[in-house]
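I'm opening my notebook on a structure that is new to me. Here is what I looked up, entry by entry.

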Amino acid sequence: MLPVLICAAAFKSGILNFDEGALRMKIYIIRHGETDYNLSGRMQGRLDVPLNDFGIKMARKTGKALSGIKFDAAYSSPLVRAKETARLVLEESGNGNVDIITDKRLEEADLGDWEGKQVKKGRCEIDIEQKELFFENPFKLGRIPNGESALEVCARTQEFITEISKREHEAVLVSTHGFAMRALLNFLYEDKTDFWQGSVPDNCSVNILSVENKSLLLLERDKIYYDKKSLLEPYK
């Protein structure tokens, strides 16, 4: 069974089956802010690593940039780095009264035996060929040892976005993770065989979807709301 193909086929290039009277909607999908594991080059997966100070700053700046958007729903991975990012974005954007609903389908990929392992060049603690395949084409990698496959992550994340897209919201915040974000959006990319679309999405990057006229469209890709050059200076 290939669940991602089933999910993608259900969308048929973004066409959804809505009930009559479904509202127009925008969905803001954000990757969590930076963590110490991101900074040091360690694989996180399901490890519950919190935001570092820089990650908090990123999330706050992103939230301020989204001021004026009235979110009427917010969903997050249960992992603390995603939940904290959602909370900070909501607070800084003037939506602190919106409850955050956690959904396990938004969790990061289960990286199994790789979780906590270093992957930086010269210090890599996992099989080099598998690491290269993971960052080049995880569809060909198959299941990570004692973890998930890219197909499995596509299936659960796309199931989530299908469900949310049919609800009566106007503006929705979704806080998730890098691999999970690419898996969720895969069916909307022109080249669906290119999992990473050139790169892992930056921390606190935002993808904006529009639900309108029975279609789900990708309006903005990997949008950054902070000054990346100035904020990343201390880590060069």
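Entry on Arg81. I found Arg81 in helix α4 (residues 80-92); helices are DSSP runs of H or I, at least four residues, numbered from the N terminus. The model is predicted, so I kept in mind that local features need pLDDT of at least 70 and side-chain atom pairs pLDDT 80 or more, while totals for chains, interfaces and linings use all residues. Residues are numbered from 1 along each chain as its sequence is written, and side-chain values use heavy atoms, without hydrogens and water.

Is Arg81 buried or exposed? Arg81 is buried, meaning under 20% relative accessible area with a 1.4 Å probe, protein chains only. I saw no salt bridge for Arg81 (a side-chain nitrogen of Lys or Arg within 4 Å of a carboxyl oxygen of Asp or Glu). Asp48, the nearest side chain of opposite charge, is 4.9 Å away. I also checked contacts (heavy atoms within 4.5 Å): beyond four places in sequence, those of Arg81 include His32, Asp48, Glu108 and His177.

Entry on α3. Helix α3 (residues 53-65) has 13 residues, which should span 18 Å at 1.5 Å a residue, and its end C-alpha atoms, 19 Å apart, agree. The expected span is 1.5 Å times one less than the number of residues. Among its buried residues I noted Phe54, Met58 and Thr62.

Entry on Ile100. I placed Ile100 in strand β3 (residues 100-102); strands are DSSP runs of E, at least two residues. The C-alpha atoms of Ile100 and Leu173 are separated by 9.1 Å, though 73 residues apart along the chain. Leaving aside neighbours within four places in sequence, Ile100 touches residues including Ala74, Lys83 and Leu90.

Conventions:
Buried means under 20% relative accessible area, exposed over 50%, partly exposed in between (1.4 Å probe, protein chains only). Lys and Arg count as positive and Asp and Glu as negative; His and the chain ends are not counted.
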